[in-house]
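Here's a quick walk through one protein model, from its fold to its core, charges and surface patches. Have a look at the chain first, and then we'll go through it piece by piece.

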Amino acid sequence: MVSLPLGEGGTTHLCGVTDEGFLSPVAQTYTHESHIIHITMKIKNKFAVYNIMMLITPILLIGVISVCFLIIFILKFPVEELNIPRAALIDPEVFSEAVGEFFKGNPAALWYMLLWAAICALILVLSTTVMTRLMSKSIENPINELDRAADYIREGNLNFEVMGSNYDEIDKLCNNFDTMRRELKKRRKTSSA
């Protein structure tokens, strides 16, 4: 097993199949004065965190883009020439007439609004795609490590160690898999002796 210094009194253990140099940082163990804290999280909790990030990220980005577009829009297309008092804009009929007149007088403003909508849609699609990819990779990596470990066992190689994961469910599977590997190794030694 490979350990890297984490700080005073601690180490980070890299997880994965440790034979033939294959290691990946999937989970962390912090050791301090014989106390071991294994940082894990249930898959459904991790999904909840990613879902919240998928909601908040585009909202924040679209909010920032909208404010920038609004400032530029106000500077580029002044509405004072419509001569409509602000109080009259509360009436939906007056408001819709004012909007119609504004876009008739400023056709470039309509293209500007379409550009804003296209950028917002692009932000939504890209942020959702990135978050989904991160979420799938976080589960895919430890499962791929277990798959490699199964290949090692199939080849007859039992001289490796399967480490845990940062998901409770996959961590339990990794521990059971490593227990099976150790039992097979022990039986191999007793049968050859």
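## Ground rules

Let's settle burial first: a residue is buried under 20% relative accessible area, exposed over 50%, and partly exposed in between (1.4 Å probe, protein chains only). R182, for example, is partly exposed, with a relative accessible area of 43%.

This is a predicted model, so local features need pLDDT of at least 70 and side-chain atom pairs count only at pLDDT 80 or more, while totals for chains, interfaces and linings use all residues. Residues are numbered from 1 along each chain as its sequence is written, and side-chain values use heavy atoms, with hydrogens and water left out.

## Overall fold

The protein chain has four helices and four strands. Helices (H or I, at least four residues) and strands (E, at least two) are DSSP runs, numbered from the N terminus. In sequence order the pattern reads β-β-β-β-α-α-α-α. Of the 193 residues in the protein chain, 27% are buried.

## The core

The largest nonpolar core has 13 residues. A core here is a set of buried Ala, Val, Leu, Ile, Met, Phe, Trp, Tyr and Cys residues joined through side-chain atoms within 4.5 Å. F160, V162, I170 and F177 have the most contacts inside this largest core. The elements that give it two or more residues are α3 (107-154) and α4 (168-192). The largest share, five residues, comes from α3.

The structure holds five salt bridges, each one a side-chain nitrogen of Lys or Arg within 4 Å of a carboxyl oxygen of Asp or Glu. Which residue does D178 pair with at 2.8 Å between the closest N and O atoms? That one is R181.

Through shared partners, salt bridges join D178, R181 and R182 into one network.

## Surface patches

Patches are made of residues with over 30% relative accessible area and no salt bridge; like charges are joined within 9 Å, and nonpolar side chains (Val, Leu, Ile, Met, Phe, Trp, Tyr) within 5 Å. Accessible areas come from the Shrake-Rupley method with a 1.4 Å probe, and for residues only the protein chains shown count as cover. I52, L55, I56, I59 and L60 make a nonpolar surface patch of about 520 Å². L60 belongs to helix α1 (residues 43-76) and is exposed, with a relative accessible area of 55%.

There's a charged patch as well: D91, E93, E97 and E101 gather in a patch of negative charge on the surface. Lys and Arg count as positive and Asp and Glu as negative, with His and the chain ends not counted; the place of a charge is NZ of Lys, CZ of Arg, CG of Asp or CD of Glu. E97 lies in helix α2 (residues 92-105) and is partly exposed, at 46% relative accessible area.
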